[in-house]
Amino acid sequence: MHLSDFDYELPPELIAQEPPADRTASRLMVVHRATGCIEHHVFRNIGDYLQSGDLLVLNETKVLPVRLYGRKAGSGGRVELLLLRPGGEGENTWECLARPGRRLPPGTVAEFAAGLRGEVVARTAAGGRLVRFSLPAGKTFEAVLEEAGEVPLPPYIKKPLADPGRYQTVYAREPGSAAAPTAGMHFTPELLRSLRAAGVRTATLVLHIGLDTFRPVQTEDITAHRMHREHYGIPEGTSQAVNAAKREGRRVIAVGTTSTRCLETAALPDGTVPPGAGWSELFIYPGFRFKVIDALLTNFHLPRSTLLMLVSAFAGRELILAAYREAVERRYRFFSFGDAMLIL
């Protein structure tokens, strides 16, 4: 398939620049795969489309404030780092995007707020830097990042975020992402409690999202695109809950494309999902055969993106593009702080 097959026209003013005051006030488009029917509702009424016994699978990853601004030791030159993923070269070593890269050779030491220091130890194959950080005594890396770093909002959001907590889900627990699993940001604790009271079950997993989720596809032949790997973990309880739902004919509903990729990466040929941790490089595009998920809750995604390809694989490209055209006509809000789509 071609990259141009996943393009659509989006007026820039429909790109949501801030979250709604009430998480559950987002609009909800419901797309029925079997009939092609499209309905329009408000997210707080999502329970009208869920059944007792349905299993919602939530990604508990937490966004780290991984954008750092500092100065080079000695010269005082400005340094900006964007932490992408742990580098595997010892504790507190991260692969980073760096500015100005040409002035940050190996051996450069930079100083940041809260007593954080970083030494460039190597260049990466992708042109970034591997940076080893040192911390003040008695502090954890996460605690220092909370003081020294900023949450890296997606590049299409130009407005500063008044409350960084709004770029997290209410159930975010395990730090490690550079971007939020935005489909889950529509839930509140009260809505989750009401769904559970109605018999909807929940299970959790973790897939840490890298900024490569925003990396554009550069090849017209989409099969030539390669995903960067992201770390995931599936607890024993979630494995049991998913496998029981599949045995009993209950729906497994992935909350977000990240939960989808995690489950489908881990799935065995018979569709069972074992517990454990690993790395996902799974690229889902039309023609992919889903083994686990029966429904998908997601946001509206960028044109020509791997996320749009994933939802097209699940619902069909023609139906998804028709739904997107209708969303534009009805002035839905798009992308991370935008409205939601439930694909049944």
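Trainee: What volume does the second largest cavity have?
Mentor: A cavity is a set of points on a 1 Å grid over the protein atoms alone where a 1.4 Å probe fits but cannot get out; lining residues have an atom within 4 Å of a point. Volume is the space filled by probe spheres set on those points, which are joined across faces, edges and corners. Here, the second largest cavity comes to about 50 Å³. Keep in mind that this is a predicted model: local features need pLDDT of at least 70, side-chain atom pairs count only at pLDDT 80 or more, and totals for chains, interfaces and linings use all residues. Residues are numbered from 1 along each chain as its sequence is written, and side-chain values use heavy atoms, with hydrogens and water left out.

Trainee: Which strands each supply at least two residues of that lining?
Mentor: Strands are DSSP runs of E, at least two residues long, and helices are runs of H or I, at least four, numbered from the N terminus. Here you want strand 6 (78-86), strand 8 (109-111) and strand 9 (117-123). Among the lining residues are Val 79, Leu 81, Val 109 and Val 120.

Trainee: How many residues of the lining are nonpolar, polar or charged?
Mentor: Ala, Val, Leu, Ile, Met, Phe, Trp, Tyr, Cys and Pro count as nonpolar, Asp, Glu, Lys and Arg as charged, the others, including Gly, as polar. This lining has eight nonpolar, two polar and no charged residues. The largest cavity, of about 70 Å³, has four nonpolar, four polar and two charged ones.

Trainee: Which residue forms a salt bridge with Glu 80?
Mentor: Side chains of opposite charge can pair when their charged atoms come close. The rule is a side-chain nitrogen of Lys or Arg within 4 Å of a carboxyl oxygen of Asp or Glu. For Glu 80 the partner is Arg 67, with the closest N and O atoms 2.8 Å apart. Glu 80 sits in strand 6 and Arg 67 in strand 5 (residues 67-72), so the pair ties together parts 13 residues apart in sequence.

Trainee: Is Glu 80 buried or exposed?
Mentor: Buried is under 20% relative accessible area, exposed over 50%, partly exposed in between (1.4 Å probe, protein chains only). Glu 80 is buried at 15%, and Arg 67 is buried at 19%. Now try Arg 117, whose salt bridge with Glu 111 has its closest N and O atoms 2.5 Å apart: Arg 117 is partly exposed at 34%, and Glu 111 is partly exposed at 37%.

Note on methods:
On a 1 Å grid over the protein atoms alone, a cavity is a set of points where a 1.4 Å probe fits but cannot get out, and a pocket is an open set with protein on both sides within 12 Å along at least five of seven lines; lining residues have an atom within 4 Å of a point.
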